[in-house]
Amino acid sequence: MKLRLPPSERLLRIACVLALAALPLMVWSLFDPTVWPVLIALSVGQGLGTLSFVLFLVAVGRDLHVQRKLATRIRPLD
Amino acid sequence: MEWASVTSAAIAAAILVVHLLRRRSVTGTSKVWLLMGLGVFPILTAGTANIAGFEATQSRKFCGSCHVMIPHAEDSGDPKSLSLAATHARNEYFGEKNCYTCHKDYGMYGYVLTKLGGMRHVYLYVTEYRTMPLEESKHAIRILKPLPNANCMHCHTTNAPDWLRVPDHASSLASVRDGKLSCASAGCHGFAHPMTKLGKELASDGRISR
């Protein structure tokens with residue numbers, strides 16, 4: 001089975017939303033350094049943040065790949 | 001540290017919100033912005049928040065944030081308490097980190113081991129102690145392994161002449177140094193947390209007496 005990722009544009013929007021959820025979780029632990037805020041920041045906060053950056057890298061990587069493919073296809077026509 | 005974390009989070013959030021609101025197609029420029037908003041600034045936030053978070057796990061406030069640790073934390077904050085834990089909390093060297101200073105693992109991998117031990121505590125708290133009333137937890141929660149005298153000896157070396165002149169120190173020197181006789185035991189300096197020992201005491205080597 002091949003995993004079908006949404007188009008890059010959607011992927012990046014998802015990444016933005018994930019990061020916007022992760023940032024407050026991380027900042028919350030600074031203002032309330034007790035067990036749950038700190039633990040959630042270090043787990044869920046970090047996790048979502050990392051995932052959002054990974055999505056970004058995937059999207060950019062895929063775009064680059066497509067561009068390169070297009071470039072090699074176009075060249076013989078020059 | 002905190003302001004750096006908050007500022008970078010705010011910058012990242014601003015970039016992301018702008019990206020979400022402007023429904024334009026993604027260009028090279030917007031990717032650079034997103035690299036900032038999804039990569040550079042959040043990583044700054046995470047890094048600084050991590051440092052602050054790990055720092056926070058050493059504070060008494062953090063230890064006291066599970067309700068079963070409230071009796072320990074309150075006693076340490078009580079200026080009139082004569083318990084070992086409280087007298088050490090009044091010293092600036094311990095202060096807000098007094099739980100950590102006594103209870104941390106002083107070995108080479110001490111920091112990591114202490115954190116792993118702490119995770120175990122959190123797990124046990126969630127699974128067993130979260131709803132336990134304080135009156136019960138005071139007797140039910142006991143130290144897994146006796147707190148090693150070696151921890152005390154990081155500061156009280158057992159080598160100082162005045163220390164050695166104390167008759168009880170001199171007569172028990174060997175068993176103090178090898179940990180057979182806990183410094184924090186009934187006949188010696190008393191328990192570090194006497195308010196939890198009503199009913200279920202520890203033996204003189206610091207182990208749970210059965």
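Just after helix H11 of chain B, B:Gly179 takes a positive phi of about 85 degrees. The model is predicted. A positive phi, of about 70 degrees, also occurs at B:Thr158, although B:Thr158 is not a glycine.

- Helix H11 of chain B runs over residues 167-177, and its buried residues are B:His169, B:Ser172, B:Leu173 and B:Val176.
- The cover over the buried residues of H11(B) includes H9 and H10 of chain B.
- B:Thr158 has a relative accessible area of 3%, and because buried means under 20%, B:Thr158 is buried.

**Aromatic pairs**

- Over all chains, the count of aromatic pairs is two.
- In chain A, A:Phe53 and A:Phe56 form a stacked pair, with 6.0 Å centre to centre and 10 degrees between the planes.
- The pair counts as stacked because its planes, at 10 degrees, are under 30 degrees apart.
- A:Phe53 and A:Phe56 both belong to helix H2 (residues 35-74) of chain A and are three residues apart, about one turn of the helix.
- An α-helix has 3.6 residues a turn, so residues three or four places apart point the same way.
- A:Phe56 is buried, at a relative accessible area of 4%.
- In chain B, the ring centres of B:Tyr93 and B:Phe94 are 6.1 Å apart and their planes stand at 80 degrees, so this pair is edge-to-face.
- B:Tyr93 is exposed, with a relative accessible area of 63%, whereas B:Phe94 counts as buried at 11%.

**Charge over a ring**

- In chain B, the ring of B:Phe191 has the charged end of B:Lys197 over it, 5.4 Å from the ring centre.

**The cavity**

- The structure holds one cavity of 30 Å³ or more, and the largest cavity has a volume of about 30 Å³.
- Its lining takes A:Met26, A:Ser29, A:Val38, A:Ala41 and A:Leu42 from chain A, and B:Ala49, B:Asn50 and B:Gly53 from chain B.
- Two or more lining residues of the largest cavity come from each of helix H1 (8-31) and H2 of chain A and helix H2 (28-56) of chain B.
- By class, the lining of the largest cavity has five nonpolar and three polar residues, and no charged residues.

**The second largest pocket**

- The second largest pocket holds about 290 Å³ of space.
- Among the residues that line the second largest pocket are B:Ile15, B:Val18, B:His19, B:Arg22, B:Arg24, B:Trp33 and B:Leu34.
- The lining of the second largest pocket also includes B:Ser25, B:Val26, B:Thr27, B:Thr29 and B:Ser30.
- Helix H1 (2-21) and H2 of chain B each supply at least two residues of this lining.
- H2(B) gives the most to the lining of the second largest pocket, with four residues.
- By class, the lining of the second largest pocket has five nonpolar, five polar and two charged residues.

Terms used:
Residues numbered from 1 in each chain as written. Chains lettered and ligands numbered in written order. Predicted model: local features only at pLDDT ≥ 70, side-chain atom pairs only at ≥ 80, totals over all residues. Heavy atoms only, no water. Phe/Tyr/Trp six-rings, centres within 6.5 Å; stacked < 30°, edge-to-face > 60°. Buried < 20%, exposed > 50% of the residue type's maximum accessible area, 1.4 Å probe, protein only. Lys NZ or Arg CZ within 6 Å of the ring centre and 35° of its normal. 1 Å grid on protein atoms, 1.4 Å probe; cavity = no way out; pocket = protein on both sides within 12 Å on 5 of 7 lines; lining within 4 Å. Points joined across faces, edges and corners; volume = space filled by probe spheres on them. Nonpolar A, V, L, I, M, F, W, Y, C, P; charged D, E, K, R; others polar. Contact = heavy atoms within 4.5 Å.
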